[in-house]
Amino acid sequence: MSEVTIEALQPVMLVTCAWYAVSAVFLQLAGSGNNLIKDATPLHKKWGDRTFGNLVEQSTPFLIGMWGHAVFVSPPKAAALGTAWVVIRLFYPVVWAATKEMPVAITMPNYAILIWMYAVTAAQLSCGIDLRSWVGGFDTIGCILCGALFMALFFAVTLPTQRLMQQRVFPPAPEESAALLGRK
């Protein structure tokens, strides 16, 4: 493993600064929608809350993953992947407003970038394996594969587990079931 210099980490710090700028703006969307905009609709409030909330949910994995990748694998690659993550994230409120629902077109690429950064870092640290060489050096291909793996895991494991939990552990109460079916 080669030594990482402070100079090599400067682009990663600039991405961190960009992340914070986005975070500050998204925080204002949530706060102003809930406290300053008179007669904001529940959907308007949810838009601001989810814009900021989803960023917060992904921020710890993003920052730790990007900085870990920078220190243990490659500062330039970490900065490039981090930049892509932040730029994609900028579109979250736009897509949410246009579709009125969680923008999977934003969250999935963000998840894929995170998974790829962690996979490359873990493979390098634990086994000395360069996963980038497995995808011809193209991070985009690695991200696409990680996104596909993430979705496969969701449909093969997470969704069936949730359905089983709903049936066996958390069944709706009879009155909830009637309400869900439109009965009183």
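This is a predicted model: local features need pLDDT of at least 70, side-chain atom pairs count only at pLDDT 80 or more; totals for chains, interfaces and linings use all residues.
Because Tyr111 belongs to helix H5 (residues 104-127) and Phe150 to helix H7 (residues 139-168), the pair ties together parts of the chain that are 39 residues apart in sequence. Tyr111, at 26% relative accessibility, likewise counts as partly exposed.

**Close-up of the stacked rings of Phe62 and Trp85.** Searching the whole structure gives four aromatic pairs, and one of them is formed by Phe62 and Trp85, whose ring centres are 4.0 Å apart and whose planes lie at 10°, so that the pair is classed as stacked, an angle under 30 degrees being the condition for that class. Phe62 sits in helix H2 and Trp85 in helix H3 (residues 75-90), and the pair thus links distant parts of the chain, 23 residues apart. Phe62 and Trp85 are both buried.

**Close-up of the packing of helix H1 against helix H2.** Two packed helices are described by the angle between their axes and by the distance between those axes. For helix H1 (residues 6-35) and H2, the angle is about 165° and the axes are 8 Å apart. H1 and H2 are therefore roughly antiparallel to each other, a description used for angles over 145 degrees, and their crossing is left-handed. Sorted by class, the residues in the contact of H1 with H2 comprise 18 nonpolar, seven polar and two charged ones.

**Close-up of the crossing of helix H2 and helix H4.** The axes of helix H2 (residues 42-72) and helix H4 (residues 92-99) come within 10 Å of each other and cross at roughly 150°, which means that H2 is roughly antiparallel to H4. The crossing of H2 and H4 is right-handed. On the H2 side, the contact involves Leu43, Lys46, Trp47, Arg50, Thr51 and Asn54, and these meet Tyr92, Pro93, Trp96 and Ala97 of H4. Taken by class, the residues where H2 meets H4 are six nonpolar, two polar and two charged.

Lys100 is located in the loop that joins H4 and H5, and its phi is positive, at about 65°, although Lys100 is not a glycine. For comparison, most residues other than glycine have a negative phi. Glu101 is found in the loop between H4 and H5 as well, and it is exposed, with a relative accessible area of 51%, where a value over 50% is needed for that description. The C-alpha atom of Glu101 is separated by 8.4 Å from that of Trp47, although Glu101 and Trp47 are 54 residues apart along the chain.

Asp39 is placed in the loop between H1 and H2, where its phi is near 60°, a positive value in a residue other than glycine. With a relative accessibility of 78%, Asp39 counts as exposed.

Terms used: Residues are numbered from 1 along each chain as its sequence is written. Side-chain values use heavy atoms; hydrogens and water are left out. Axes are lines fitted to C-alpha atoms, for helices over the stretch in contact, and angles run from 0 to 180 degrees between N-to-C directions. Helices (H or I, at least four residues) and strands (E, at least two) are DSSP runs, numbered from the N terminus. Angles under 35 degrees count as roughly parallel, over 145 as roughly antiparallel, 65 to 115 as roughly perpendicular and the rest as oblique. A crossing is left-handed if the near helix is turned anticlockwise from the far one by less than a right angle, and right-handed if clockwise. Contact means heavy atoms within 4.5 Å. Ala, Val, Leu, Ile, Met, Phe, Trp, Tyr, Cys and Pro count as nonpolar, Asp, Glu, Lys and Arg as charged, and the others, Gly among them, as polar. Rings of Phe, Tyr and Trp (its six-membered ring) pair if their centres lie within 6.5 Å; planes under 30 degrees apart count as stacked, over 60 as edge-to-face and the rest as tilted. Buried means under 20% relative accessible area, exposed over 50%, partly exposed in between (1.4 Å probe, protein chains only).
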